[in-house]
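Good morning, and thank you for coming.

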Amino acid sequence: MSRSAHPAGPRHADVLHEGHYSAPAADLNLLDEKVWSRTVTRDADGALTVGGMTVARLAEEFGTPAYFLDESDFRARCRAWSDAFGPDADVFYAGKAFLSRAVVRWLKEEGLNLDVCSGGELTTALDAGMPAERIAFHGNNKTVAEIERAVEAGVGRIVLDSFQEIVRVAHIAQRHGVRQRVQIRVTVGVEAHTHEFIATAHEDQKFGIALADGQAAEAVRRALSLDGLDLIGVHSHIGSQIFDMAGFEVSARRVVQLLAEIRDEHGVELPEIDLGGGLGIAYTSEDDPREPHEIAKALSDIVTRECEAAKLRTPRISVEPGRAIVGPTAFTLYEVGTIKPLEGLRTYVSVDGGMSDNIRTALYDAEYSVALVSRTSDAEPMLVRVVGKHCESGDIVVKDAFLPADLAPGDLIAVPATGAYCRSMASNYNHALRPPVVAVRDGEARVIVRRETEEDLLRLDVG
Ligand code: LLP
């Protein structure tokens, strides 16, 4: 079966399971802990609280729409990942999911490393004090200026993505009189999706260097021959929002085979492999993600087994989870504006944000949950579509969900699991003002990315 996914993010539209949300939950007031961050609960009055603060107070202080990020949950997830992989592996948080200076400081404090893929992410990381040697620099088309910057800063690794880049990085490193630590990103012939993986149709995308036709072996040959490069390993990333470990297993097996071929040809055993990110999270109660310790065990078992078979020393493993760390830790809070029942179809609930703060539904047909959070309700469930205030009908935040039938303008509703790829992919469409990210912890809330203002818009527009 051929799908239109690519290794950096499948179009979830193509891989949705059927029958989701066919019936309302028995009690719409219950908050499924699978999809809400860990400190979320309802207080005695029925209002949602996070980090000990009620949404009414948060909305009053910070406005809506806004993303509220549960800091202690974020930190706990960082620790769960690094504990699961242990001291002989490295966890790189993928900054593309969501990056800010506060997040960089939390990562640093919790002992994680950081994967960046642009000059902007690198600047944020360095500015917030992430040691350069704990940064990996990614991207299929890093500019010369970005490579210069990364080499000068002394990043721990640059992940080489093309033959041209091998030469480019070597040249720049030599000019700076350093040997840059690098990995080569290989495309292993696996495209993984939410519920399945396929081992075909992999060459037709822009990332990495194919294992097929000896291309990756040739890239290794060239990298080993250049003085400016210190080739430390091989990198593979097979997709995003993946639940099935089988794709990772195939990928790990093929990467280890390449290490064995490199040993046979060059007499060197590369010390590291990176198996990328891509682990899925629960967006709805139907989703069943793996825990970090299960993932760590599955990956290290397969690598160990394959290395034993190939008589290789087991390399140091690294992984790059983005979504799985930050995704579940935030929700977006909206105020209900208009409510439009369409007889025999569904009720459209319009909120004060939309595709500008969450493009994932429009882009990937992604599924989300939603709950009335300013109060509880005993009213009957009604089938709703939560939409934004933008000028197009594809401006959908939650495609199918149930909310209580007494929902009214002014109620607060929240969409959980919006920590990853929502603020980081937010736009100014219709001159919307991108919402703030507010970190909440132990009864305190603080803005870590402020709301855009109309002045910000005018400042960029130089007239
Ligand atoms: N490492 C590499 C090399 C990547 O390209 C990515 C994601 C990650 C790690 C982190 O993947 P994660 O663990 O977050 O799945 N915008 C899409 C996702 C694009 C993923 C791009 N690469 C979405 O909203 O679903």
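Strands, in what follows, are DSSP runs of at least two residues, numbered from the N terminus. Please keep in mind that this is a predicted model.

With that term in hand, let us turn to Cys 391. An unreviewed UniProt entry lists Cys 391 under "active site". Cys 391 sits in the loop that runs between strand E19 (381-387) and strand E20 (396-404). Is Cys 391 buried or exposed? Its relative accessible area is 64%, and exposed means over 50%, so Cys 391 counts as exposed. Setting aside neighbours within four places in sequence, Cys 391 is in contact with Tyr 429 and Asn 430.

Now to other cysteines. A disulfide is a covalent bond between the sulfur atoms of two cysteines. How many disulfides does the structure hold? The number is zero. Cys 422, for instance, takes part in no disulfide, and the nearest cysteine sulfur, that of Cys 117, lies 17 Å away. Cys 422 is buried because its relative accessibility is 1%, under the cut-off of 20%. Cys 307 is also buried, at 0%.

Finally, the domains. The chain is divided into domain 1, covering 41-70 and 328-458, and domain 2, covering 138-321. Their centres, taken over C-alpha atoms, are 37 Å apart. Six residues of domain 1 are in contact with four residues of domain 2. The area buried between domain 1 and domain 2 is about 540 Å², and carbon and sulfur atoms give 55% of that area. Zero salt bridges are found across this interface.

Key: Residues are numbered from 1 along each chain as its sequence is written. This is a predicted model: local features need pLDDT of at least 70, side-chain atom pairs count only at pLDDT 80 or more; totals for chains, interfaces and linings use all residues. Side-chain values use heavy atoms; hydrogens and water are left out. UniProt positions are given in the numbering used here, feature names are shortened, and annotations may be inferred rather than shown by experiment. Helices (H or I, at least four residues) and strands (E, at least two) are DSSP runs, numbered from the N terminus. Buried means under 20% relative accessible area, exposed over 50%, partly exposed in between (1.4 Å probe, protein chains only). Contact means heavy atoms within 4.5 Å. A disulfide is a pair of cysteine sulfur atoms within 2.5 Å. Domain bounds come from an automatic or database domain assignment. Buried area is the accessible area (1.4 Å probe) that two parts lose on being put together, summed over both. A salt bridge is a side-chain nitrogen of Lys or Arg within 4 Å of a carboxyl oxygen of Asp or Glu.
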